[in-house]
Amino acid sequence: MESAILLLSCPDAKGIDARISSFIWQNNGNIVHFDQHVDEEFHQYFARIEWTLEDFRIPKGEIQKAFAPLASELRADWRIHFSSERPKIGILVSRHLHCLYDLLAKWREGRLRCEIPLIIGDHEDARPIAEMFGVPFHHIPVSPERRVESEKQQVSLLEREGVELVVLARYGKILSPYFVNRFRNRIMSVHPSFLPAFPGKDPFTQAYRRGVKLLGATVHFVTEELDQGPIVLQDVVRVSHRDRLADLVRKSEDLEKSLLSEAVRLFCERRLLVYQNKTIVFE
């Protein structure tokens, strides 16, 4: 059964829940999920409301127009999606392939409700994986001398395919402000969250020699400031003195791929809202 999904943020006020619910009820809609949150610091209201379209009086193609007057009164930033949609996801990858494998496997299994029209690699390493899953692969080398040209090629391919979310599956290059601005709050990346404490070459070796007891990973939206964008998900895994260096790498990679695929799932199911430098996650 198809449903409509409203993602909305607006200044907090009395009666917002009631007004949105009344709009749906008056048009014979049945609400199946209503999740809301108020940020007390910014006095901002956030909501994800899902209702079934069976017997809903407003035709699917006219819901946006019908809701617009109420949204205007609420001074809302809002979008309406539908459960039948499959957002298009573009993947950028380098030579670390564990996240790419995991994303493609879950997509093939139907656990990620999306389309993946292309994979872009700055090396050829991922081509066999893309071919195995039947996804077109584009090799675009990136170097300091041709960075602008390479990014324009990447952006052109992504926009031509109508990509809604760009996933950096351990992509090894820093994106320019030009790239970030073309996909504002629509670029998702994962990195080991403990690495800023161990900069430079071989961070895992540094962590191993320091005897760390926790490894972390973070999924966030990409901004111009490196690794400072709105955080989507974070988690940690324990490490003991018995773990070898290879165990640290394995545990970190397992954590990275599980968090990244979960964050992509949340995006595809329309469960994420970004405000200021925070991400509201409707789980």
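Biologist: Why is E256 called buried?

Modeller: Buried means under 20% relative accessible area, exposed means over 50%, and partly exposed lies in between (1.4 Å probe, protein chains only). E256 has 0% relative accessibility, so E256 counts as buried. This is a predicted model, in which local features need pLDDT of at least 70 and side-chain atom pairs count only at pLDDT 80 or more, while totals for chains, interfaces and linings use all residues. Residues are numbered from 1 along each chain as its sequence is written, and side-chain values use heavy atoms, with hydrogens and water left out.

Biologist: What makes the contact of R170 and E256 a salt bridge?

Modeller: A salt bridge is a side-chain nitrogen of Lys or Arg within 4 Å of a carboxyl oxygen of Asp or Glu. The side chains of R170 and E256 meet at 2.8 Å, N to O, and this is a salt bridge. R170 lies in the loop between β8 and α6 (177-182) and E256 in helix α8, so the pair ties together parts that are 86 residues apart in sequence. Helices (H or I, at least four residues) and strands (E, at least two) are DSSP runs, numbered from the N terminus. R170 has a relative accessible area of 17%, so R170 is buried.

Biologist: How do you know that R270 and E164 form a salt bridge?

Modeller: Their side chains meet at 2.5 Å, N to O, in a salt bridge. R270 lies in the loop between α8 and β12 (272-275), and E164 in the loop between α5 (147-160) and β8 (165-169), so this pair joins parts that are 106 residues apart in sequence.

Biologist: Are R270 and E164 buried or partly exposed?

Modeller: R270 has 7% relative accessibility and therefore counts as buried. E164, at 24%, counts as partly exposed.

Biologist: Which residues are linked with R265 in a network of salt bridges?

Modeller: The network links E262, R265, E269 and R271. Within it, the side chains of R265 and E269 meet at 2.8 Å, N to O. R265 has 23% relative accessibility, so R265 counts as partly exposed; E269, at 22%, also counts as partly exposed. The structure holds 24 salt bridges.

Biologist: How do you know on which side of α1 the buried residues lie?

Modeller: The buried residues of helix α1 (residues 16-26) are I16, I20, F23 and I24. They cover an arc of only 95° around the axis, so they lie on the same side of α1; the arc is that of the directions from the helix axis to the C-beta atoms. On the other side of α1, A18 and W25 are exposed. The buried residues of α1 pack against β1 (3-11), β2 (30-39), β3 (44-52) and α2 (63-74).

Biologist: What makes a set of residues a nonpolar core?

Modeller: A nonpolar core is a set of buried Ala, Val, Leu, Ile, Met, Phe, Trp, Tyr and Cys residues joined through side-chain atoms within 4.5 Å. The largest nonpolar core has 37 residues, and those with the most contacts inside it are I91, L104, I119, M188 and L260. Its largest share, eight residues, comes from helix α8 (residues 245-268). Apart from this core lies another, of 23 residues, among them L8, F56, I58 and F67.

Biologist: Which residues does I91 touch?

Modeller: Contact means heavy atoms within 4.5 Å. Not counting residues up to four places away in sequence, I91 touches L100, L103, L104, I116, L118, I119, I120, V167 and A169.
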